[in-house]
Amino acid sequence: PAAMTLATAAALLAALGGALWLATRRFVSPRVQRLHRGGGPGLMHGKTVLITGANSGLGRATAAELLRLGARVIMGCRDRARAEEAAGQLRRELQAEEPGSDPGAGGAGELVVRELDLASLRSVRAFCQEILQEEPRLDVLINNAGIFQCPYMKTEDGFEMQFGVNHLGHFLLTNLLLGLLKSSAPSRIVVVSSKLYKYGDINFEDLNSEQSYNKSFCYSRSKLANILFTRELARRLEGTNVTVNVLHPGMVRTNLGRHIHIPPLVKPLFNLVSWAFFKTPVEGAQTSIYLASSPEVEGVSGRYFGDCKEEELLPKAMDESVARKLWDISEVMVGMLK
């Protein structure tokens, strides 16, 4: 019993020490500052930005910051009710920051909600048709929405969900909006990927994961596909004055991991660790905001960024033949080519 008591006390002291160390690290470690504080609040005035998955997490934080810079932001979201609720909250927050100002009148930009389900090619086409009919210009497209390590399920069109939403849905969306982006040039496309691309491979024999399914590997595959798509699109857009870059946001506390099961006993420790080590959505969104708005990356295309700096890619993410083959197969899968 005495030995058990000592062991329990030692474990508690270790846990307390670890918690204190984590807390110290959280407050002492440098954090990314909001970029627009030094860039002028009107940086994005007159520009229209479309963000997928903008009602929560990184997308919401990105929308808020670009609104502060004066952009007109279109939120493309699957759940319209949740998107309208998020939009209302954002408008109230911005109104509180600038009391008495009218949205779009010299201060924060206008916010528009549109329904978009990336798990449905029918929805993507209907959304793009609406955008092309209603919007005279599109200056920035941010492919932000994503699904993370979900159980095996299929999209409306029969694609594995992570590959279907994270890659194919955005592939079709971007291609259908390319004409508007070109006519609005100089314009930008920003693609949100993940460091986890490193653990993925493009298996052309089983892109739909029907032979075997591992939710972690399939997420990584979809994020590798995002990078290969970006690089091939950059090649195709040379000379058009439309740029496309890809980024990883780092480890961010969002609801993206809602499909991950964490045992109840471990959850308090996980919450503490995520609080100490993970970025907030605002911190995680900084590279998206930077690539969407900064004059520093004007004309830069086909690059991979993290923490607002260019980073190197593994050779498999720079394989031009794989990128071209993936593009060709994706065109067939989404019905652009028969």
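E135 forms a salt bridge with R72, and their closest N and O atoms are 2.6 Å apart. By salt bridge I mean a side-chain nitrogen of Lys or Arg within 4 Å of a carboxyl oxygen of Asp or Glu. E135 sits in the loop between α4 (121-134) and β4 (140-143), and R72 in strand β2, so the pair ties together parts that are 63 residues apart in sequence. E135 is buried, at 7% relative accessible area.

Ground rules before I go on. This is a predicted model: local features need pLDDT of at least 70, side-chain atom pairs count only at pLDDT 80 or more, and totals for chains, interfaces and linings use all residues. Residues are numbered from 1 along each chain as its sequence is written, and side-chain values use heavy atoms, with hydrogens and water left out.

Terms next. Buried means under 20% relative accessible area, exposed means over 50%, and partly exposed is in between, with a 1.4 Å probe and protein chains only. Helices (H or I, at least four residues) and strands (E, at least two) are DSSP runs, numbered from the N terminus.

Now the overall picture. The chain has ten helices and eight strands. Of its 338 residues, 49% count as buried. The chain exposes about 16000 Å², and carbon and sulfur atoms supply 57% of that. Those areas come from the Shrake-Rupley method with a 1.4 Å probe; for residues, only the protein chains shown count as cover. Contact means heavy atoms within 4.5 Å. Among contacts between residues at least 6 apart in sequence, 79% join residues at least 24 apart.

On to the sheet. In what order do the eight strands of the open sheet run? The order is β3-β2-β1-β4-β5-β6-β7-β8, with mixed pairing. The edge strands are β3 and β8 (309-310), each pairing on one side only. Two strands pair if DSSP finds at least two bridges between them.

Strand β2 (residues 72-77) pairs with β3 in the parallel sense, over five bridges. M75 has V113 of β3 as its bridge partner. Four of the five residues of β3 (residues 111-115) are buried, so the strand is largely enclosed by the rest of the structure.

How many salt bridges does the structure hold? The count is 18. One of them joins R114 to E130, with the closest N and O atoms 3.5 Å apart. R114 is in strand β3 and E130 in helix α4, so this pair ties together parts that are 16 residues apart in sequence. R114 counts as buried at 15% relative accessibility. E130 is partly exposed at 28%.

E310 pairs with R303, with the closest N and O atoms 3.2 Å apart. E310 is partly exposed at 47% relative accessibility, and R303 is partly exposed at 36%. Elsewhere, salt bridges with shared partners join E232, R235, R236, R324 and D328 into one network.

Helices now. Helix α9 (residues 286-293) has eight of its eight residues buried, so it is largely enclosed by the rest of the structure.

Helix α2 (residues 57-68) contains T62. T62 is buried, at 2% relative accessibility. Setting aside neighbours within four places in sequence, T62 contacts I51, I142, A285, S288 and I289.

Last helix. α10 (residues 320-333) has 14 residues and reaches 20 Å from first C-alpha to last, close to the 20 Å expected at 1.5 Å a residue. That expected span is 1.5 Å times one less than the number of residues. Which residues of α10 are buried? They are A323, L326, W327, S330 and E331. These cover an arc of only 135° around the axis, which puts them on the same side of α10. The arc is that of the directions from the helix axis to the C-beta atoms. Among the elements covering the buried residues of α10 are α5 (161-183) and α6 (215-236). Just after α10, G335 takes a positive phi of about 85°.

That's the tour.
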